[in-house]
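Reader: I have a model open on my screen. Please walk me through the calls made on it, and tell me what backs each one.

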Amino acid sequence: MTDTPPASSGPASSGNVTRVEHRVSSESRRKHNGHAGGVLWFTGLSASGKSTLAIETESRLFAAGYQAYMLDGDNLRHGLNSDLGFSPEDRVENIRRVGALAALFADAGMVVICAFISPYRADRDLARAAAGSGFHEVHIKADLATCEARDVKGLYRRARAGEIPDFTGISAPYEPPETCELVIDTNQNSVAASAEEIFRYVKEKFPLGLV
Ligand SMILES: Nc1ncnc2c1ncn2[C@@H]1O[C@H](COP(=O)(O)OP(=O)(O)OP(=O)(O)O)[C@@H](O)[C@H]1O
Ligand SMILES: [Mg+2]
């Protein structure tokens with residue numbers, strides 16, 4: 001059985017490129033996995049809780065029988081995106097690549113949990129367009145003062161000292177979602193409560209067994 005090409009595929013850089021079609025259909029993958037694939041896109045300031053909640057969500061989903069995989073900004077900057085820095089241009093390219101990657105994971109049938117600051121609205125919209133209908137933008141929301149007080153990695157202190165240029169929230173912008181599928185307020189709520197809220201949302205949007 002043939003299938004449509006992955007939604008992640010944008011225009012080719014050269015005209016001399018021809019798509020090949022999969023023989024395994026999206027429907028076959030859904031049946032195989034027992035659920036649809038899709039993207040949970042976590043966006044938020046540094047130290048808002050993206051990685052903490054992505055790790056928690058991945059392990060909860062996996063334990064519940066989902067094919068789930070986390071893509072984390074820091075991890076991908078060690079490999080796929082190790083050539084990129086934090087200038088506006090590099091941030092755009094960073095999110096373009098990981099948006100395409102996430103769409104491929106979703107097309108492969110996984111629930112992929114993306115933890116990227118992804119400060120620009122336009123870039124998140126491109127990631128959404130790459131993934132198609134299974135894209136869920138989740139604002140991991142904590143105000144700057146809270147994130148700065150947490151300062152898990154000591155980056156805010158260094159940014160305030162002028163040691164890190166282009167630091168989101170201090171010397172580079174963060175554009176919060178105007179509309180998104182889910183807002184998780186981590187200012188007041190515990191990690192466990194936030195993780196539970198996300199888990200409930202995913203179970204509703206990606207029902208197991210209904211294929
Ligand atoms: N409700 C919550 N959800 C998530 N994290 C929380 C919550 N409440 C407190 N925290 C704490 O906030 C910190 C979040 O750090 P984390 O590394 O997850 O942030 P991040 O958004 O991935 O940052 P970065 O963009 O720098 O990678 C952790 O120390 C975590 O324990
Ligand atoms: Mg992180």
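Reader: What covers the buried residues of α8?
Author: The cover includes β1 (38-43), α2, β3 (111-115), β4 (135-141) and β5 (182-185). Contact here means that two C-beta atoms, placed from the backbone, lie within 7 Å. Helices (H or I, at least four residues) and strands (E, at least two) are DSSP runs, numbered from the N terminus.

Author: A word on the source. This is a predicted model, in which local features need pLDDT of at least 70, side-chain atom pairs count only at pLDDT 80 or more, and totals for chains, interfaces and linings use all residues. Residues are numbered from 1 along each chain as its sequence is written, while chains are lettered from A and ligands numbered from 1 in the order in which they are written.

Reader: Which residues of α8 are buried?
Author: Ser194, Ala195, Ile198 and Val202. A residue is buried if 20 or more other C-beta atoms lie within 10 Å of its own, exposed if 12 or fewer, and partly exposed in between.

Reader: How do you know that they are on the same side of α8?
Author: They cover an arc of only 95 degrees around the axis, which puts them on the same side of α8. The arc is that of the directions from the helix axis to the C-beta atoms. An α-helix has 3.6 residues a turn, so residues three or four places apart point the same way. The face turned away from the buried side carries the exposed residues Ala192, Ala193, Arg200 and Glu204.

Reader: What span should the 15 residues of α8 have?
Author: The expected span is 1.5 Å times one less than the number of residues. For α8 that gives 21 Å, and its end C-alpha atoms are 21 Å apart, which agrees. Helix α4 (residues 88-107) can be checked in this way too: its 20 residues should span 28 Å, and its ends are 29 Å apart, which agrees.

Reader: Where do the buried residues of α4 pack?
Author: Against β1, β2 (68-72), α3 (73-76), β3 and α5 (121-131). Among the buried residues of α4 are Arg91, Asn94, Ile95, Val98 and Ala102. Just after α4, Gly109 takes a positive phi of about 105 degrees.

Reader: Why is β1 called largely enclosed?
Author: 6 of the 6 residues of β1 are buried, so the rest of the structure largely encloses the strand. Gly38, Leu40 and Phe42 point one way, and Val39, Trp41 and Thr43 the other way.

Reader: What makes β1 and β3 a pair?
Author: Two strands pair if DSSP finds at least two bridges between them. β1 and β3 have 5, in the parallel sense. Leu40 has Ile113 as its bridge partner in β3. β1 also pairs with β4 in the parallel sense, over 5 bridges. There, Val39 stands opposite Phe135.

Reader: Is Cys114 buried or exposed?
Author: Buried, because Cys114 has 30 C-beta neighbours inside 10 Å. This residue lies in strand β3. Cys114 touches residues including Val39, Leu40, Trp41 and Phe42. Val98 and Ala102 are also among its contacts.

Reader: Why is Glu27 called exposed?
Author: Glu27 has 12 other C-beta atoms within 10 Å, so the residue counts as exposed. Its place is in helix α1 (residues 26-33).

Reader: Why does Asp166 count as partly exposed?
Author: Asp166 has 16 C-beta neighbours inside 10 Å, so the residue counts as partly exposed. Asp166 is in the loop between α7 (155-160) and β5. Asp166 has a positive phi of about 55 degrees, and is not a glycine.

Reader: How many residues surround ligand 1?
Author: 20, and the closest are Ser46, Gly49, Lys50, Ser51 and Thr52. A residue is near a molecule if its C-beta atom, placed from the backbone, lies within 6 Å of it. α2 (50-63) and α8 (191-205) each supply at least two residues of this shell. The largest share, 4 residues, comes from α2.
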